Amino acid sequence: MQPTKTTCPYCGVGCGVIASRNADREITVAGDPDHPANFGKLCSKGSALAETLSLDDRLLFPTINGERTDWNDATARIATTFKDTIAKYGPDSVAFYVSGQLLTEDYYVANKLMKGFIGSGNIDTNSRLCMASSVAGHKRTFGADVVPCNYEDLELADLVVLTGSNFAWCHPVLFQRLMAAKEQRGTKIIVIDPRKTATAEFADLHLAINAGSDVALFNGLLHYLDNSGKTDLNYTGQHTRGLAEALAGAEQSDCAEITGLAQSQIDEFFELFSNTERTLSIWSQGVNQSSAGTDKVNAIINCHLLTGRIGKPGMGPFSITGQPNAMGGREVGGLANMLAAHMAIENPAHRELVQRFWSAPTIANKPGLKAVDMFDAVADGRIKAIWIMATNPAVTMPNSNFIRTALKACPFVVVSEAVNNSDTAKLAHVLLPAATWGEKDGTVTNSERRISRQRPFMEKPGEAHTDWQIICNVAKAMGFSGFDFTSPAEIFNEHAALTTFENQGSRAIDLSSLLDADYDALEPFQWAKPRMFAHGGFFTLSGRANFIATPYRSPLAKVTEEFPLSLNTGRIRDQWHTMTRTGKSARLMAHLGEPFVDLHPQDAKRLAIKSATLVCLRSSLGKVIIRAKITVSQQVGSVFVPMHWSRMNSNSANSLALLDANVDAVSGQPELKFGRVSAAAFPVNWYGFAISTHKPKIENLAYWAEARIAQGYKYELADTHEPENWSEFAKQFFSTDNIHSYIDKRSGIYRFAVFKDTLLTASLFVAQEPVALSRNWLADQLGKPVGLKILAGCGGAAVVDHGPIVCACNNIGKYTIADAIANGADSLKAVGAATKAGNSCGSCRADIKSMLSIKLLQAAE
Ligand code: SF4
């Protein structure tokens, strides 16, 4: 196979990837040295892409009500049901819920079908959960959804302010670019985040603000800049309006009290920002996923407008998107309140233009329902047919148990999916096998407005189809013309033509230079100028940027006596969304392989929660049971839980089920960074750890969490009742009579092993306390002729336990790194030289730095 240049399907950095097939016909991936996003680098997730391509769990043929069918039947069923529902209840009785995982071409035809042919605005996307507040903030200020910066600004800035962004874990390749710049030019870094994240380890100043108080901090900064004579009068005079109102709206009594910061920290931040011309402000989900998300975005942008620091090298307000194609979706109008090509659904002239361009029979004349409202409408019966594409709302929406109930009650649910076992796929009446990364052909747009190709390098398995084909076939079956595309290139060309259609500079996106381009050969292309608005040119009616008044509002959820802890949810370094892809890589699962809650030692002590025991977190909406991780990186009174785990891989860890669906009034984006919960120790009778080449019987246990290992699966287990007969339990658990056991009833230790011939096929370790055993060591024994010594729980003197994996690229464990540090490695470079850890993608450098800091602290004691 010729190497194929494509784009990583995970985060909004949009790294170029080269996929090749080696002499053993195995796919390998490497960073594309020519791609301007990553110049050959990949993070741990990108590096492990080849490990996620197996066909297990793949959905290979369409089903209707769980029965196999063919594409003709499935397409006809969808078309007929949607048509009948529309005829009976009107166009707003149906909806599409799509995804930033879709390619631009998929998004384009889905939006065209819903808004131009069905005639409803009811197409929204999981990007609503990701960056809708940034879209709304851009539109309020700039008049268009335009990111004014580009990645090179990371290398040109003297100060980078990261707000609500765990850059080191969530956008690792950009973080490495920033680290390189810091090393070369001493870039100062400020991290604004309630948690001491991996990113904060590298900050010159970490501002651990109270959750949700960002607006107050930036309002304070706005006044400070104005009072210190930093207002760029030329810029504000010529290119902006509303400064006086914004300053009035930013009046507040006490920044320190609201943010919880020491005045000296606030002063240091304000002075640094004020005195550094080349300041780049980066933000991500911590800003967007908030009931004041749009105000947070505007409060940051206000400070850049006031100082005229926008659109010039190394400075500007820069929203970094979470998803691989959130930006592409925005460009084609994939949100319920957009039209297409940056046109506004509320604008009659835009509606007429788009309808005419599409030769469409109708056009949506009002915004559709945004994600939270859309599922409310599913629940109360206003929406009677919904088509969900490439996303898993039964896990990722706030109050996700409500979403499950709503979908169960919905008369007609269609799900297009690559896997057969996602929580949402299980709720589908019609389940459609969609092609996925490596099989699909199209384009994506990254956070700096750069369009890149995703190219196929594998055959589509079974009967999988690409999303654009599926959508077009349904549209044609519904009797609509305008969907006779034969390739994604044709769709892209129509999209490019719409961006240019009667544009004449009135809209930011204009892809005229890509019209009739050689699609197959398309190089990464950044639309518009590399930087925007240095000399005005805004897309508002006045042509000026709008300052926005952003009075501080606290988060909508309030902690109470019953629910006294604030809940923050987010991502971890080596997982992506609901783990349907990254969960397949044993290497990635070796980093943090079990759902957990971070809580402060003081809270843990007060609640009598011990490290590594189980915790029940409860809100008014539900509960989860997860492992306690006690850490000073968490503030007292707040907890953090990752959002990745679902019913696919744990019985009770869907953290978003705990959150109320509080939304930002402007953007409709839900507040996923602030809920309220209680925490209590979850008492169990026993803890267990198991490995197995096949899935054991875990269903009836009070707690289980599953993760892939190289030869099978590993399980963390616990239950509230002790089996009457442990040997019988083990036999039923592994579905075999051929069990070898070690039983010590007095100390409550039970160990079991199963062999096929001489090879270990399963093992279970049980104890009254959390099982103290190297998971990676035991996992390594699976499939090997280890003999009964496995029941001793150690590998003997010849086996080295490397500990939990820190460096996923080079498979270097925590104990190996700790040894190197103990033996004198006192810097990242020295640890890298001694162990290779941190020498590849660099995603683990923050973890290593944290270990080095602990060592330094210990030395100082
Ligand atoms: Fe993929 Fe990592 Fe690059 Fe994001 S930073 S696009 S996850 S390789």
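Predicted model: local features only at pLDDT ≥ 70, side-chain atom pairs only at ≥ 80, totals over all residues.
The side chain of Asn654 takes part in two kinds of pairing with residues elsewhere in the sequence. One is with the backbone oxygen of Val395, which the side chain of Asn654 reaches at 3.1 Å. Another is a polar contact between the side chains of Asn654 and Ser400, at 2.6 Å. When residues up to four places away in sequence are not counted, Asn654 touches Ala394, Val395, Ser400, Val624, Trp645 and Arg647.

An open sheet is formed by seven strands, in the order 5-4-16-15-14-6-7, with mixed pairing. Its edge strands are strand 5 (67-68) and strand 7 (123-125), and each of them pairs on one side only. Within this sheet, strand 15 (residues 412-417) and strand 16 (residues 430-433) run parallel and are joined by four bridges. Val414 stands opposite Val430 of strand 16. Two helices that pack on the sheet can be described. Helix 2 (residues 71-89) touches strand 4 (63-64), strand 6 (94-98), strand 14 (385-389), strand 15 and strand 16, and its direction makes about 130° with that of strand 16. Helix 20 (residues 467-477) touches strand 14, strand 15 and strand 16; the angle between its direction and that of strand 14 is about 160°.

A further open sheet consists of six strands in the order 28-29-27-32-31-30, and its pairing is antiparallel. Strand 28 (703-709) and strand 30 (740-744) stand at the edges with a single partner strand each, so one side of each has no neighbour in the sheet. Direction ignored, neighbouring strands of this sheet are turned against each other by 10° on average. Strand 27 (residues 686-692) and strand 29 (residues 712-719) run antiparallel and are joined by seven bridges. Ile691 stands opposite Lys714 of strand 29.

Terms used:
Residues numbered from 1 in each chain as written. Heavy atoms only, no water. Polar contact = N/O pair within 3.5 Å; in protein donor to acceptor, adjacent residues only side chain to side chain. Contact = heavy atoms within 4.5 Å. Pairing = 2+ DSSP bridges. Axes fitted to C-alpha atoms, helices over the stretch in contact; angles between N-to-C directions.
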